[in-house]
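We will go stop by stop.

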Amino acid sequence: MSVLIKGGRIITAADDYVADVYVEDETVSLIGESLETSADKVIDASGKYVLPGLVDPHTHLDMPFGGTVTIDDIESGQTAAAFGGTTTHVDFIIQPPGSSFADAIADWRSKANGKQVIDMGYHIAVTDLHDGGSLEELATLPDEGITSYKLFMAYKGALMVDDETLFRTMETASQTGALVMVHAENGDLIDVLVRQALEAGNTEPLYHALTRPPEAEGEATNRAIQLAHVAGAPLYVVHVTCREAVEPIARAREAGWDVWGETCTQYFFNSLDDIAKPNFEGAKYVYSPPVRDKSNWDVLWNAVRTDALSAISTDHCAFLWDGQKTLGKDDFSKIPNGGPGLENRLHMIHEFGARAGRISLNRMVELLATSPAKLFGLYPKKGTVAVGSDADLVIFDPERKHTITAANQHSKTDYNLYEGTEVTGTPEVVLLRGNVLVEGDELVASPGIGQYVARARFGQELRAKSTVA
């Protein structure tokens with residue numbers, strides 16, 4: 001199907017101009033003023049922004065965790081993403097203990113079959129190099145388009161790896177063109193503090209945050225940076241929350257080291273005040289790393305403005321407050337860690353970032369689309385509006401008001417981290433490879449339209465139609 005988008009204000013990471021966009025065979029084929037080309041569908045984008053489809057590099061759909069499974073499967077999670085302007089995401093395959101990487105990949109990919117609403121890739125989370133996968137097997141995964149290795153420095157007794165596993169994986173990444181990702185918190189320290197809190201009778205959600213102090217994140221972040229530097233591996237620190245973690249990343253980047261960091265939408269808006277709410281409502285804000293003191297909000301805005309942090313993801317990991325989070329009603333350590341957010345990343349960052357003057361519109365696009373696409377082997381196929389790129393496009397109405405609420409969201413969870421927030425600006429039409437996904441309040445496309453994207457190795461480009469399987 002061909003599509004002609006007329007008169008929109010095209011905003012990329014580098015440019016801002018008014019033009020028409022002609023889409024044919026799932027890619028952008030022409031950009032220019034007052035195009036006279038005929039098309040199967042014409043969209044009037046006058047007064048609207050035309051943005052590249054957003055890329056979320058950090059999500060957890062249909063993931064077992066803490067004795068339950070995230071409430072959003074591929075279909076519901078990706079539907080929420082589509083309504084929020086996200087057209088590509090990279091989810092995590094978590095290697096179960098004792099499992100080979102091949103078995104884990106087959107299991108996780110089977111969860112997506114026939115359900116995909118948007119395009120997606122995968123990271124591999126390495127948890128077991130002793131009884132499960134081997135470094136030799138790990139080294140083959142970039143050939144399958146899985147070009148990033150995730151390691152947890154926290155969740156002792158479950159997902160946490162030791163420094164030997166971390167370092168050996170980094171060495172493998174340096175040899176195979178993969179990017180290393182770390183959840184950076186000192187798991188041993190946290191384990192001690194959690195046990196001490198429970199022994200003292202402190203069971204409320206607030207203690208999830210108090211037993212995971214900023215110093216635990218800062219120490220692990222610095223340790224990962226130093227180990228990656230020795231190994232010669234590029235490093236991406238996920239969900240950075242605080243000054244203690246921003247500073248070592250900034251120092252490494254100033255020194256020219258191959259280190260990048262992301263933060264997540266919720267860390268600009270949620271704080272210790274939220275997790276301290278009474279009647280177990282604080283459990284809605286239990287995710288890791290935890291919410292911080294509000295003083296870190298300005299730290300994070302400054303970090304994304306100056307490129308100390310290079311991306312904003314969601315870490316969407318949604319559970320029901322009533323029925324799943326309540327597993328930890330009497331013990332904060334048993335509350336499933338994670339929060340929703342796929343649908344509202346653009347809403348919140350546009351309103352409180354771009355409209356508030358904290359970042360430019362170009363920087364907004366860079367943080368939400370272009371930089372994640374470049375870092376994770378998707379660019380220029382994804383993450384920009386350019387001839388030859390996939391026609392993943394968001395027609396965004398910058399003047400339309402929208403109230404964020406769980407009552408009208410598309411995630412299956414029963415709450416929203418930004419409940420009642422009114423924003424100005426919301427997606428109006430969302431296209432995936434030239435196919436209309438969302439139009440107004442309606443999901444137009446059917447599940448199954450989304451595809452798996454085999455990503456390029458770190459630092460390499462991915463071209464349209466070259467590696468989709």
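Helices (H or I, at least four residues) and strands (E, at least two) are DSSP runs, numbered from the N terminus. The model is predicted, so local features need pLDDT of at least 70 and side-chain atom pairs count only at pLDDT 80 or more, while totals for chains, interfaces and linings use all residues. Residues are numbered from 1 along each chain as its sequence is written, and side-chain values use heavy atoms, without hydrogens or water.

**Stop 1: helix α8**

Select residues 243–254. This is α8, with 12 residues. From first C-alpha to last, α8 reaches 16 Å, close to the 16 Å expected at 1.5 Å a residue. (The expected span is 1.5 Å times one less than the number of residues.) Now step past the helix. G256 follows α8, and its phi is positive, near 85°.

Which residues of α8 are buried? Colour A245, V246, P248, I249, A250 and A252: they are buried. Buried means under 20% relative accessible area, with exposed over 50% and partly exposed in between (1.4 Å probe, protein chains only). Show their partners next. The buried residues of α8 pack against α7 (214–231), β13 (235–237), β14 (259–264) and α10 (295–306).

**Stop 2**

Show side chains. D163, L166, F167, M170, E171 and S174 of α4 meet R223, A224, L227, A228, V230 and A231 of α7. Contact means heavy atoms within 4.5 Å. The residues of this contact divide into eight nonpolar, one polar and three charged. (Ala, Val, Leu, Ile, Met, Phe, Trp, Tyr, Cys and Pro count as nonpolar; Asp, Glu, Lys and Arg as charged; the others, Gly among them, as polar.)

**Stop 3: loops**

Go to P289, in the loop between α9 (272–275) and α10. The peptide bond from S288 to P289 is cis, with omega near -10°. Jump to P380, between α12 (361–375) and β16 (393–403). Y379 and P380 are joined by a cis peptide bond, omega about 0°.

Last, select D62, in the loop between β6 (54–59) and β7 (64–65). Its phi is positive, near 55°, in a residue other than glycine. Why does D62 count as buried? Because its relative accessibility is 19%.
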